[in-house]
Structure formats: C-alpha cells, structure tokens
Amino acid sequence: MKRILVTGGAGFIGANFVRMVLDEHPETLVVNLDILTYAGNLENLKGYTDNPNHVFVKGDICDPDLVNELVDKYEIEAIVNFAAESHVDRSLVEPGVFIQTNVQGTLNLLKIALDKKLDRFLQVSTDEVYGSLGPEGYFTESTPLSPNSPYSASKASADMLVCAFGHSWGLPYNITRCSNNYGQYQFPEKMIPLMINNALNDKELPIYGDGLYVRDWLYVYDHCTAIWKVLTEAEPQTIYNVGGNNEKANLEVVRLILDRLGKPDSLIKHVKDRPGHDRRYAIDSSKIMGELGWKPTVTFEEGIVQTIDWYLDNTEWLNHVVSGQYQQYYEDMYAGR
Ligand code: NAD
Ligand code: DAU
C-alpha cells in the first residue's frame with residue numbers, strides 16, 4: 001500500500017500508527033482525516049505535521065463530499081478506519097454520538113471504498129464486540145459477537161456492516177479486533193493514564209467495584225505493527241484478533257503505577273461500578289501469529305515503565321490535554337491557512 005487514508009489519526013492509536021508508518025514505511029503517503037474531538041490532538045503528531053508524506057485534514061468521516069474529494073485527489077488505495085468515539089463510560093452517558101460516528105461514519109466510508117473500488121478497507125475494531133468472559137477461555141475470531149455496552153454495540157454494528165459489504169458486493173476488507181492498548185498519547189479518561197495523572201497530583205484513584213476486572217494489555221506500538229501487517233500481507237475478507245497474552249486485574253495495574261511513582265496504596269478508592277461492566281477479556285492471537293508472523297515485542301513490565309516515564313517526561317502534553325489548551329494549539333498552528 002502506497003497511498004492510504006487513515007481516519008482518526010490524531011487520536012491515541014491512530015497517531016501512534018501514523019508516526020510508525022512515516023518512520024518505518026517512508027514510501028507511504030498518509031492522508032490523515034480527523035475531526036479533532038476532545039480525544040483528537042495535533043500535539044500527538046508533533047514533529048510529523050510537516051512531513052511531506054503526511055497530509056492532515058480536519059474533517060468528519062460522515063461527510064461524503066470530503067471523503068470522496070480526498071480519495072480522488074490523493075489517489076487513495078486503502079482506508080484504515082480508526083476514527084471513533086472510543087470510551088465505554090461516555091457511551092453509557094451519551095450513546096447517540098457513538099452510533100453517528102462509529103456506525104454512520106463507517107457506513108459512509110464503506111460506500112466510498114466500494115464506489116471507488118479501493119484495494120482494501122481495514123476496520124480497526126475491538127475485542128469488546130465479543131462481550132465478556134468468565135474466569136476461563138479466550139475470544140477467537142469465531143466467537144459470536146455479543147456486545148454489552150453502547151460503545152461495543154456500535155463497534156459490532158460497524159463490523160457487521162463491513163462484512164456485509166464484503167459478502168454482498170465483494171468489498172476487499174479486513175477487520176482487526178484488539179485488546180486494551182496502553183502507551184504514549186493516551187487520553188487520560190482511560191484507566192492507565194487517568195491513574196497516572198491522578199497519582200501525580202496526589203488525587204484518589206477511582207477503582208470501579210472490586211477492581212478484579214481483567215483486561216489483556218497490549219503496548220500500542222505492537223497494535224500498530226499488527227495493523228500494518230494485516231493491511232499489507234493479509235488476504236481480503238479476513239478477521240484477526242490481536243492481543244498481548246497479558247491478563248491483569250485492574251488493581252494489580254494500579255498498584256504497579258503507584259509503586260513506580262512512589263505513591264501510597266492509600267490513594268486507591270473503590271467507587272461505584274460501571275453499569276454492565278464486562279468482567280474479563282482475553283484474546284487468542286494464534287491466527288495472526290501463525291498466518292502473518294506477528295508477535296508483540298514489548299512486555300508489560302517494560303511497556304508500563306516506558307509509559308509512566310513518558311507521562312512524567314511529557315507533563316506539558318498532559319496539562320494541555322487536561323485543560324483543553326490543545327484546541328488553542330490547533331488555532332495557532334492553522335491560523336490563516
Ligand atoms: P481515541 O478516542 O483516542 O481517538 C479517536 C480519534 O477519532 C480522535 O482523534 C477523534 O478526533 C477521531 N474522530 C472521532 N470522531 C470522528 C469523526 N466523525 N470524523 C473523523 N475523526 C473522528 O481512540 P483510540 O483509543 O485511539 O481508538 C482508535 C480505534 O481503535 C477506535 O476505533 C477504537 O474502537 C479502536 N480500539 C481501541 C482500543 C483501545 O484500547 N484504545 C483497543 C482496540 C480497538
Ligand atoms: O478492550 C478494548 C477496549 O479497551 C477498547 O475497545 C476501548 O476503546 C478502550 O477504551 C478500552 O475499554 P475499557 O473499558 O476496557 O478501558 P478503560 O480504560 O475505560 O477501563 C479499563 C478497566 O479499568 C475497566 O475494567 C474499567 C476500569 N476502570 C476504568 C476507569 C476509567 C476503573 O476501575 N476506573 C476508572 O476510572
């Protein structure tokens with residue numbers, strides 16, 4: 001793939017992906033379409049906005065005219081769709097925008113990908129579409145979809161639309177379903193950066209319920225390499241799970257953060273649980289490992305230390321994100337353009 005449209009490339013994973021592609025695959029043109037919601041931040045792309053292989057466009061994946069124009073103008077070959085509302089807790093408060101962006105937005109991109117006969121449509125999905133596990137077992141690619149939150153229901157709907165476009169009209173697609181990511185540039189509404197930020201400010205760390213909910217954590221760079229492998233090496237009409245084989249209970253992760261920051265466990269506060277909270281996610285990644293030779297390169301022990309240290313070294317980024325000043329950054333950077 002030489003010319004790709006990446007959507008949501010100013011968000012956490014999208015920005016890490018754009019940075020990786022520009023660094024490691026410099027033959028690629030990346031057109032990056034992002035509407036810059038609260039979660040999208042051009043500071044995540046600092047040092048990359050002037051790269052000649054990177055075109056940033058502020059806009060909406062739901063806008064057919066804009067997406068058509070970009071596909072034509074830049075002779076796009078493939079779309080990698082990261083753009084989404086991504087936070088489960090927000091979806092429990094305001095589900096409508098999740099349907100708009102995650103379902104309608106994906107539908108708009110699919111129609112254009114089909115119409116323009118693009119070589120590939122890669123949907124970045126999530127393990128949450130499979131629902132929740134008990135203490136045993138793993139999600140495989142054939143686990144039935146059983147989403148539990150408005151967020152995961154919107155992602156499952158998008159996945160089904162992608163498959164329907166492949167089945168009905170032969171759109172060449174891939175879907176990746178990844179476990180929980182962590183690493184640099186993650187917005188501090190998600191558990192790991194939220195806990196780091198609170199601990200740095202000696203604020204209580206809010207643990208939902210008993211804190212024994214289990215997630216499989218994957219370092220964001222390893223998710224990005226998995227997506228690139230699928231985009232460039234996978235057969236069309238295939239789905240790949242991506243995980244870190246690294247299950248941890250939330251309390252264990254939070255204690256590790258406190259320990260690294262030299263803060264007391266007494267900061268932990270058990271609070272009211274998330275409604276419908278999925279108990280455990282665990283991913284079987286044997287398909288992508290066996291067929292495409294992908295494997296994670298960063299252990300959790302290394303990755304969590306790198307992540308905490310990154311937030312310690314980037315307090316300016318953190319303070320801007322928390323205070324909303326990144327919007328001012330955007331105004332300054334694009335004033336008069
Ligand atoms: P994020 O919330 O950090 O970033 C989402 C980005 O999408 C933001 O930059 C936002 O501005 C942009 N966006 C939102 N609505 C848009 C619209 N209408 N048009 C254009 N851009 C829009 O999310 P993330 O954590 O980076 O997740 C990226 C993708 O990966 C999502 O599709 C998510 O479902 C999926 N995913 C996330 C994780 C995780 O652990 N974070 C794990 C598996 C899959
Ligand atoms: O599994 C992949 C998914 O991981 C992605 O699809 C989502 O976009 C991403 O947000 C993430 O969803 P989670 O709900 O698992 O992530 P979150 O960081 O919100 O929460 C992780 C766990 O920590 C979960 O069990 C809820 C708990 N939690 C979270 C917050 C924000 C707390 O106990 N306290 C908190 O304040």
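Two residues are in contact when heavy atoms of each lie within 4.5 Å. In the predicted model described here, residues 24 or more positions apart account for 83% of the contacts with a separation of 6 or more.

The secondary structure of the protein consists of twelve helices and twelve strands. For 337 residues the globule rule gives a radius of gyration of 20 Å, and the value for the protein, 19 Å, is close to this, so the protein is as compact as a globular protein of that length. The C-alpha trace spans about 55 × 50 × 35 Å along its principal axes.

Of the 337 residues, 57% are buried.

The cysteines were examined for covalent links. A disulfide is a covalent bond between the sulfur atoms of two cysteines. The structure contains zero disulfides. For Cys 163, the nearest cysteine sulfur is that of Cys 178, 18 Å away; because a disulfide requires two cysteine sulfur atoms within 2.5 Å, Cys 163 is in no disulfide. Cys 224 is likewise in no disulfide, its nearest cysteine sulfur, that of Cys 178, being 9.2 Å away.

Definitions and conventions
Residues are numbered from 1 along each chain as its sequence is written. Chains are lettered from A and ligands numbered from 1 in the order in which they are written. This is a predicted model: local features need pLDDT of at least 70, side-chain atom pairs count only at pLDDT 80 or more; totals for chains, interfaces and linings use all residues. Side-chain values use heavy atoms; hydrogens and water are left out. Helices (H or I, at least four residues) and strands (E, at least two) are DSSP runs, numbered from the N terminus. The radius of gyration is taken over C-alpha atoms; the globule rule is 2.2 Å times the number of residues to the power 0.38. Buried means under 20% relative accessible area, exposed over 50%, partly exposed in between (1.4 Å probe, protein chains only).
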